[in-house]
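Here's a quick tour for anyone meeting this structure for the first time. Have a look at the sequence and the model, then read on.

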Amino acid sequence: MSPRARKRRVGLTRLSLYVRDQRGRMALLALAAAFTSGVQVGGWLLVGDAIDNGIRAHDTTRLDLDVAIYVGVNAVAWIVGSFLILGLAQLGQLIVLRLREHLFAHLTTLSLRYFSEQRAGWIISRITNDVDALSDVLSEGLSTLVGNVLTLTGAMVALAILDWRLALATLVILPPTLVVARWFQMRSHVAFADVRTRISALTAQIAESLAGMAVIQSYNREGEFRKQFGELNKANQRSNQHAQNLSSLFFPAIELFGVIATVAVLALGSRLYEDGTLTLGTLIAYIGLLSLIFQPLQELSELYGQVQSAAAAMEKITRVLDEQTEIASPADARRIDRVDGHVALEHVTFAYGRDPVLHGIDLDIPAGSCVALVGMSGGGKSTLARLVGRFYDPREGAVRVDGNDLREIDLVHYRRQLGVVLQDPFLFAGSIADNLRFAAPAASDELVEETARAIGLDRVAARFSEGLQHAVREGGSGLSAGERQLISIGRALLADPRILILDEATSNIDRPTEVLIEKALDRLLHGRTSIVIAHRLATVRRADEIVVLDRGRIVERASEAELMAAHGQFAALARDLAAPAPAAVD
Ligand code: ATP
């Protein structure tokens with residue numbers, strides 16, 4: 001089996017895992033499918049019998065019996081058929097539901113490295129377009145597939161049993177049919193894989209354009225982006241057209257083979273009838289059964305395009321599902337319900353790609369103390385903070401909390417005791433109160449209000465008519481940078497973490513909000529270990545120790561007074577920090 005075919009089979013096997021608990025229902029549906037297909041095939045055999053042993057033998061009792069069985073069985077088949085279509089559609093939708101759930105759940109476990117390396121739109125495409133492609137096939141196609149495959153098989157068996165000479169004549173048409181089907185199979189797989197890639201590229205471009213619309217408009221690049229979109233859209237349309245062209249060639253070809261087979265059977269059958277070795281009923285039943293081969297073949301070939309598209313989609317989905325979770329707790333992870341907060345980096349070397357961005361870092365942060373990281377842009381401050389949060393693992397050395405290697409302790413429990421305030425905090429659609437509650441969903445209204453009051457957020461919220469219930473848009477786009485930072489500080493304070501990582505905002509914030517933030521930070525930093533990427537002198541001064549990072553190495557570390565006296569890198573940076581505008585170090 002080719003690697004590609006194997007991959008496709010693995011994909012399909014994976015789908016069956018989602019309905020493992022539905023075996024009873026599937027067995028029932030298989031029985032129903034076998035029954036309806038059997039009725040179709042048996043119907044033509046009854047017609048043959050009615051002609052030969054009823055009409056031609058002038059046996060009206062036999063004829064009446066055949067007609068009664070035909071009507072009765074078909075009536076039951078009609079009811080069973082409706083249940084079959086419904087049942088298969090439900091089964092298909094169940095697979096889609098569970099696949100989407102699994103896909104999203106898996107995405108939430110992947111490490112930050114994955115998300116920083118993939119385009120957001122590409123990931124969105126997996127969970128929307130690709131799952132939709134599967135949904136199309138599974139909800140409608142499953143009944144077409146099961147019904148037709150069974151009918152086709154049943155009809156072929158019946159043809160072989162009915163008359164082997166006519167079966168041989170029909171077989172003549174088989175080799176060219178198989179060749180054309182194989183040709184279509186190979187071409188259409190490539191074509192439909194291409195369709196999926198193009199739609200992903202289009203979705204990725206839409207996601208990126210929407211996220212960057214402010215920048216696009218600021219620099220008058222709308223035209224460029226429209227052009228780019230136009231090209232991707234066109235490529236997508238061309239790719240779809242090509243796939244359709246293939247189907248439009250294949251479909252009539254199968255129809256033509258059906259006609260040729262019927263003509264061959266008629267030519268040979270009429271001779272055999274003349275010779276008296278074939279009855280009229282058998283010949284008519286045979287021609288009827290032939291339609292049960294070529295009609296399913298047509299329907300299956302129509303479905304084939306969809307199945308190819310779904311297989312291509314499943315291949316892309318499988319790639320996401322196979323993505324290993326880089327950051328996970330081991331099975332025997334130690335659970336630490338309450339850490340003291342002693343953080344130590346031991347000879348830590350780290351690289352995102354090939355070249356290290358942190359080189360042999362040794363840093364000891366006693367429980368409850370505050371370390372300020374300063375240094376030029378790209379020095380590795382955020383990277384160091386990410387390692388403490390275990391968003392990445394070091395390449396060499398270890399990050400320890402209370403003496404435990406982070407890779408050996410339970411991540412969920414650890415993160416529960418970790419607070420992170422980002423430079424440009426992300427807020428979710430909902431109210432300000434919802435965002436405060438993000439890390440502590442069970443917090444009471446009173447506690448939320450008390451936290452807001454403690455950091456002066458109540459006064460900021462009072463500017464809005466609905467106060468803390470003011471609706472925040474996704475990303476916090478309706479709020480100022482200062483307001484966002486304050487909400488994010490409140491969020492961390494409510495979570496009451498043992499270890500705090502704070503990446504101070506660099507944007508210009510008006511003086512009153514800045515004063516509020518300073519006070520909020522006093523509250524937030526009190527009584528816990530904190531690692532602060534500092535951009536303001538006031539924040540640096542709060543720290544027990546200042547660590548200067550330069551190109552991934554610690555070049556200075558001491559108290560502010562000692563570093564000022566040393567006239568090194570920090571002293572130079574501090575001069576910039578002391579500048580009237582809230583200058584950024586980097
Ligand atoms: P800044 O103050 O500007 O935020 P920093 O001191 O925090 O800078 P880092 O963000 O830690 O510096 O970056 C250190 C180095 O790692 C830089 O050279 C940067 O280009 C690189 N880097 C940061 N994030 C990634 C990433 N996700 N993938 C690859 N390289 C990265």
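C370 stands opposite S530, a residue of strand 10. This is a predicted model, where local features need pLDDT of at least 70, side-chain atom pairs count only at pLDDT 80 or more, and totals for chains, interfaces and linings use all residues. Residues are numbered from 1 along each chain as its sequence is written, and side-chain values use heavy atoms, with hydrogens and water left out.

**Strand 10 and its partners**

- Strand 3 (residues 370-374) runs parallel to strand 10, and the two pair over 4 bridges; strands count as paired if DSSP finds at least two bridges between them.
- Strand 9 (residues 499-503) also pairs with strand 10 in the parallel sense, over 5 bridges, and here D503 sits opposite I533.
- Helices (H or I, at least four residues) and strands (E, at least two) are DSSP runs, numbered from the N terminus.
- All of strand 10 (residues 529-533) is tucked away: 5 of the 5 residues are buried, so the strand is largely enclosed by the rest of the structure. Buried means under 20% relative accessible area, exposed over 50%, and partly exposed in between (1.4 Å probe, protein chains only).
- Both faces are covered, with T529, I531 and I533 on one side and S530 and V532 on the other.

- R528 lies in the loop between helix 17 (511-525) and strand 10, and is buried at a relative accessible area of 5%.
- Its side chain makes a polar contact of 2.8 Å with the side chain of D496 (a pair of N or O atoms within 3.5 Å; within protein, one must be able to donate a hydrogen and the other to accept it, and residues adjacent in sequence count only if both atoms are side-chain atoms).
- The R528 side chain also reaches the backbone oxygen of P497, at 2.8 Å.

- Elsewhere, 4 strands make an open, antiparallel sheet in the order 2-1-4-5.
- Strand 2 (356-365) and strand 5 (404-405) are the edges, each with a single partner strand, so one side of each has no neighbour in the sheet.
- Strand 4 (residues 396-401) pairs with strand 5 in the antiparallel sense over 2 bridges, with V401 bridging to N404.

**Two packed helices**

- Helix 3 (residues 60-109) packs against helix 5 (residues 120-162) at about 160°, with their axes 8 Å apart.
- That makes helix 3 roughly antiparallel to helix 5 (angles under 35 degrees count as roughly parallel, over 145 as roughly antiparallel, 65 to 115 as roughly perpendicular and the rest as oblique).

Key:
Axes fitted to C-alpha atoms, helices over the stretch in contact; angles between N-to-C directions.
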